[in-house]
Amino acid sequence: MENMTRKKSNVSRRSFIQGLAVGGAGLATVNLVGAQTLAAPTPEEKPAELKIGMIGIGGQGRTLMMNCTKIPGIRIVAACDLWPRKKDWAGKALKKFKHNANTYVDYRELLEKEKGLDAVLIATPDFLHEPMTTAALEAGIHVYCEKEMSNTLEGCRKMVASQRKTGKLLQIGHQRRSNPRYLLADKIINKDKYLGRVTHINGQWNRCKPPFETWPKGTEIDQKVLEEFGYVNMEQFRNWRWFRKYGGGLMADLGSHQIDIFSWFLRANPKSVIASGGVDYYDDKREFPDNVMSIYEYDTPQGVSRAFYQVLSTTSFDSYREKFMGTNGTLILSEDPKVGFMFKEPDAPRLAWEEEAEQVDTMGAKAIELKIGQSRQSKDQKTESMGGDAAKKKPHQWHLENFFNAIRDPEKVKLTCPPEVAYETAVSVLKVEKALETNSKVTFSPDEFKV
Ligand SMILES: NC(=O)c1ccc[n+]([C@@H]2O[C@H](COP(=O)([O-])OP(=O)(O)OC[C@H]3O[C@@H](n4cnc5c(N)ncnc54)[C@H](O)[C@@H]3O)[C@@H](O)[C@H]2O)c1
């Protein structure tokens, strides 16, 4: 994003969210983050304790675990990782946070021995999501399972079926669905309609990854154990995301987060996709493209919209963001809280709260900055706060809290990403492979999204 300077103009000191309140729209995120989605217990309230097991403690499992240590009422009592290195690390790290957890290498043993678990969090390679989720649900345990739901649609369907059969909760880890910034953006686009009609979306994730991951000498998992859990060898175990047997490629790994948002904000699933990509740079054994560019078409309630999406593993510049382009304005958004700007078209209707909103000069234009979780002191109002701690929370914490609070109070708190929602995203994402293989436009029928 060129010229991403954030020079404040003198227009006003008030934040965008405060501006929304001035416009009579109400403190949007307070409502949006209220009872329906998060209903987080106040610090004075003592939330009922939930006993949690962790399965898979690599990069993402570690993130979920650290987030959990910040959530009141969560006690991690068990942690499992097939790689003893990670399992031992988890046990030690949890001790430091006063969670004395039993550790396991075999998730089946964890499920068998840990009686009284309320939930497990699963952050293993995608191909294991279905068997692990099904086993946990059938053991009577609620599940938070990472995205992509599975690397096959058959796996996704089995997960939906297991959830329906057992009646336990299943949250899928598309965490933007619980993020107050995304909930506010949805309100701006779909309720307040500040952007007019959204005709185009531009999304990207540029992340330069080093060539294959390795492992310290002497830490190899026994070949028999690897095979028992479905891996060909240590190299594939460490680099599962690049192999079809275990993962879904860059579009599932990174793209699924954002393609999920496209459908959510457009209130429509795609009707077609074209894509181009290949293993063009890395000279190793990877099976999935190292770069993909795609165009989705949607029939939205307002008419046709197109979304361009790119995911590159060869460059990191400009990282990850989504740009929603409407006839009255454009909203640039990212999970990175530094990126949230709304640009108005010059002839767009004046917004009632516009002059009150804080504006910044960025990308060669004036933008209204999207801010959440900022507490401000002003003369006329003592404290302006969007939930106060919103800015401090990491993106995954909201989604975990939505899950935990839904377990505690299922009547009041509904999951923001139940399996049916994640299934639709998996259909949108996994079909790109067909477009890449056939080098042609692939269409979706509405029935494909039903499960
Ligand atoms: N929501 C997000 O923002 C986000 C971010 C990154 C990854 N993810 C998802 O999280 C999952 C894990 O990704 P990652 O980046 O942490 O990968 P990773 O390779 O860093 O971690 C995977 C972990 O699972 C362990 N594992 C593998 N097989 C196992 C088994 N049979 N039993 C127990 N443990 C096993 C591995 O030893 C490793 O520690 C993937 O589904 C990925 O798509 C989500």
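**View 1. Strand β2, helix α3 and strand β3 form a right-handed β-α-β unit.** This is a predicted model, in which local features need pLDDT of at least 70 and side-chain atom pairs count only at pLDDT 80 or more, while totals for chains, interfaces and linings use all residues. Residues are numbered from 1 along each chain as its sequence is written, and side-chain values use heavy atoms, with hydrogens and water left out. Helix α3 spans residues 59-68. Helices (H or I, at least four residues) and strands (E, at least two) are DSSP runs numbered from the N terminus. Right-handed means that, with the strands pointing away from the viewer, the path from the first strand over the helix to the second runs clockwise.

**View 2. Strand β3 pairs with β4 in parallel through three bridges.** Pairing requires at least two DSSP bridges between the strands. N102 of β4 is opposite A78. Helix α4 (residues 84-96) carries the chain from β3 to β4 in a right-handed β-α-β crossover.

**View 3. Strand β3 also pairs with β2.** Six bridges link β2 (residues 50-55) and β3 in the parallel sense, and I55 has C80 of β3 as its bridge partner. Six of the seven residues of β3 (residues 74-80) are buried, so this strand is largely enclosed by the rest of the structure. Buried means under 20% relative accessible area (1.4 Å probe, protein chains only).

**View 4. K147 sits in the loop between β6 (142-145) and α7 (153-166).** K147 is buried, at a relative accessible area of 10%. A polar atom of the K147 side chain lies 2.6 Å from the backbone oxygen of D253.

Key:
Buried < 20%, exposed > 50% of the residue type's maximum accessible area, 1.4 Å probe, protein only. Polar contact = N/O pair within 3.5 Å; in protein donor to acceptor, adjacent residues only side chain to side chain.
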